[in-house]
Amino acid sequence: MQPLEGYRVLDFGSAWAGPMAAQLLADMGAEVIKVESRARMDGLRLGRPIVGDDVAGGDRGLWPDLQPAFHGFNRNKLSITVNLKHPEGVALIKRLVPMADVVTNNFAPGVMERLGLGYEELRAIRRDIIVVSMPAAGESGPLKDIIAYATIIHALSGLMSMVGYEGEPLVGQLQAAWSDALAAMHAAVATATALYHRRRTGEGQYIEVSQWEATTSMLGEAIMDYAMNGRVAGPMGNYHPMMAPHNNYPCRGDDRWVSIAVASEEEWQAFCRALGDPEWARDTKFADAFQRQRNRAELDARIAEWTCQHDAHEVTEFLQGAGVAAMTVMNIEDQFLDPHFRERGFHVEVEHPKVGLEWLYGQPWLLSDTPGSVRRHAPLLGEHNEYVFRQLLEIPAEEYERLVKEQALY
Amino acid sequence: MTAMAERDLLAGITVLEYATMVAGPYCGKLLAELGARVIKVEGPGGGDPARRRGPFPEDLPDDELSGLFLYLNTSKQGVTLNLETATGRDLFRRLAASADVLVEDATPGVMAAIGLDHDALCSLNPRLVYTSVTPFGQTGPYSQYRAYPMNLFHAGGEGYTLPGSLSNELFPGREPVQGGTYLAEYDGGLHAAIATVAALIARNLTGSGQHVDVSKQEAAMMLNLLNIQLFANTGELVTRRRSYHFGGIFPCKDGYVILYPREDRHWQGLTAAMGRPELGTEERFRTWEDRYRHRDEVNAVLREWVAAHTKEEVFQTAAPSGCPAAYFATTEDVFHSPQFAARDFFEEIEHPSAGRLAYPSRPYGFSEAPRSQQGPAPLLGQHNREVYCGLLGLAPGELAELHRAGVV
């Protein structure tokens, strides 16, 4: 059994935020039908294919079923290809709405309305429908129509003003699209809660998530500092006002690092013992937390002299064994090979009809009785047209053929 | 229209929170914002260490004035309880018996050692959803590892790629850095909330609660899922040695901006807005491939223009042109953002010690459950009487006794 078993979701998402929100619902057991079309493909169906090197062809949409990023965000989903520009396309969607519990999208504000699929229209068809939208800047306000890739939101949210080296210019930049992911997670919490509420009250819901606000929400204490003291946060690097050592230290190999954080006197003593009580550690410059903080540049240099002789994983295991918080600065490959994640099953193997066995990321939570799961591969483009239109909607064969021929299903 | 009390989506749900710092309390905050009654249980020694992390007004430490604590514990009730005492553990069991959810963040094994693990509490209350939020999860070789937020962030995968871009060009060879604030922790709290609500829904089907095991580190890994997919299928590894094909970060008069004219229409719009429309159609800049081939010239044009303007000028000129554009907003800029003002994103909350301050509110809205006024974070032990006498039915005299004995 799965938590959202029996619920059906129509996913109009593309790229990251929308598809990830629907993926979280699919992982929890909902039947998610991804609504797409050759006329307007999810951007993640474009690009370099997993097999072969036809980038130009990939960009033209020749390899929609061979995109690794798409396979992650869209696992556990079904795919239908409805051409929303065709006069019958929107009508087909409206016939599906009575069978759907949730409709998700990450379009710019107003797009669903212009398609004739706004909340009021959908609600007129199904009174308790839950509609979720997650536009970049929200659906109101002077900047609601801003063109916003994740980087743009990261910069505007204030988050990037804190990425970089302590005291250096603000030129750091996040790599992953946190704003998309954060919006997707908030959307998943809100949608699951709305379903819980609907079961109790029979009431549907329109949910609007702002990607920008979702990102700024993570700045809690920095915003509070401004509200309280008018102080503007800058890049902190790995600096911590109460801990030293608290940094990444170079290890053996190219671009290998270990993070070490010492919070208490007890941990400092354990750290010194682990290093074999070196002479330098007895210097008054490192006598207590106050001194260590003041002389942290020198402290960091001393520690680096030791770490750089060792492998990052070995330092981690060694210091953890001594009761000191240390962790390899892990890249994706480290994680992939790591025995911890192997044991917890974070990476999952799935059979994809065109790729064969492939790895997908799993879930960061385990539910003891109703575990979510990766049940099936990301759908081929239009893989479930027959199931949805012939079986669910019971469209007769001739009409189905006509819809395909006229490219309403395309 | 539903009655007011019904409009909170999680009305009627009681959450017991025995968690400190960021991830567990953020999960509790999210559930409180959705209408659950969240009772935060704080231990001896001054309660949640977040109370001592600050920022504090004028940098004067005060357990009731930590910005981190105030933000992460809005709309909760607070009680104190010493689980090192047998009576304290008994009271905790009684609280858990009447709760729907427990959010805890103890190192795996610690709750079992004091008889408050999932099995023990679920035998008392089979409907309890028991959510554990820990650095590396309940199982696996790292489950006992110590990890502060920085260690966790750097185990997540994103750290290895930061700061990247211009920073990496300026400071090659330097160490990877954190992403600012407590990103991985917030992320862990969000996933815990998702899984907890999923377990509440499952409870409607199965009639019983379950154990929810959230790994903060895996939650952080989820943010790099694109890179995971890329690596797993192509062996390609993303590092700090990454940069824009063209465009990117440029210094302006009073900060930094990002301009990314990826598509042809972006470039044409931007150059027109810069007052140099001829560049938009010039042969050497026409397509993405052209701009990539002449990226040094593209960047020189942008750098020169940006350097002569302020961040607001660049943004107000470039953004309406349709080109992806932003400036590195500071917390000050964010606090005064007209976009947020128009959407009432900041909400003023009155706190008995901290007074009236503006807090970020939840980043989503429900048509049938408008954002209700958030309550302030609890003072240490503020709701002892209400919870112990009201919910558990202790006599006021008993509470005083427990207080004297150091249980409460």
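Reader: Where in chain B is B:Pro163 found?

Author: B:Pro163 sits in the loop between helix H7 (149-155) and helix H8 (165-170) of chain B. Helices (H or I, at least four residues) and strands (E, at least two) are DSSP runs, numbered from the N terminus. A quick word on the ground rules, then. Residues are numbered from 1 along each chain as its sequence is written, and chains are lettered from A and ligands numbered from 1 in the order in which they are written. This is a predicted model, where local features need pLDDT of at least 70, side-chain atom pairs count only at pLDDT 80 or more, and totals for chains, interfaces and linings use all residues, while side-chain values use heavy atoms, leaving out hydrogens and water.

Reader: What kind of peptide bond runs from B:Leu162 to B:Pro163?

Author: Here's the general idea: most residues other than glycine have a negative phi, and most peptide bonds are trans. The bond from B:Leu162 to B:Pro163 is cis, with omega near 0°. Chain A has a cis bond too, between A:Ala244 and A:Pro245, with omega about 0°. A:Pro245 belongs to the loop between helix H10 (220-229) and strand E7 (246-250) of chain A.

Reader: And phi: what is its value in A:Asp255?

Author: A:Asp255 has a positive phi of about 60°, though it isn't a glycine. You'll find it in the loop between E7 and strand E8 (257-261) of chain A.

Reader: Is A:Asp255 buried or exposed?

Author: Buried means under 20% relative accessible area, exposed over 50%, and partly exposed in between (1.4 Å probe, protein chains only). At 10% relative accessibility, A:Asp255 counts as buried. Now look at B:Asp344, whose phi is also positive, near 50°. B:Asp344 is exposed, with a relative accessible area of 58%, and lies in the loop between H18 and strand E10 (346-351) of chain B.

Reader: How do I read confidence, and what does chain B average?

Author: Chain B averages 93, and 98% of the residues score at least 70. Over residues 1-6 of chain B, though, the pLDDT is below 50, and beyond near neighbours in sequence this stretch has seven contacts in the model. A contact means heavy atoms within 4.5 Å. Where pLDDT is low, the predicted coordinates should not be read in detail.

Reader: Why is helix H7 (residues 150-157) of chain A largely enclosed by the rest of the structure?

Author: Seven of its eight residues are buried, so H7(A) is largely enclosed by the rest of the structure. Among the buried ones are A:Ile152, A:His154 and A:Leu156. What do they pack against? In chain A, helix H8 (178-201) and helix H9 (211-216); in chain B, a set including strand E8 (255-259) and helix H16 (311-318). After H7(A) comes A:Gly158, with a positive phi near 100°.

Reader: Which residues touch the most other members of the largest nonpolar core?

Author: In general, nonpolar side chains in soluble globular proteins tend to be buried together. A nonpolar core is a set of buried Ala, Val, Leu, Ile, Met, Phe, Trp, Tyr and Cys residues joined through side-chain atoms within 4.5 Å. The largest here has 173 residues, and A:Met20, B:Leu259 and B:Phe366 touch the most other members. H8(A) gives the most to this core, with 14 residues. Apart from it lies another core, of 31 residues, among them A:Val35 and A:Tyr400.

Reader: Which residues of chain A does B:Gln339 touch?

Author: Leaving out residues up to four places away in sequence, B:Gln339 touches A:Ala137, A:Ser140, A:Gly141, A:Pro142, A:Leu143, A:Lys144 and A:Trp212. B:Gln339 lies in helix H18 (residues 338-342) of chain B, and at 0% relative accessibility it counts as buried.

Reader: Last one: how many disulfides are there over all chains?

Author: A disulfide is a covalent bond between the sulfur atoms of two cysteines. The rule here is a pair of cysteine sulfur atoms within 2.5 Å, and the count over all chains comes to zero. For B:Cys27, the nearest cysteine sulfur, that of B:Cys122, is 16 Å away. The sulfur of B:Cys252 is 15 Å from the closest one, in B:Cys323, which is too far for a bond. B:Cys27 is buried, at 0% relative accessible area, and B:Cys252 is buried as well, at 10%.

Key
pLDDT = per-residue confidence, 0-100.
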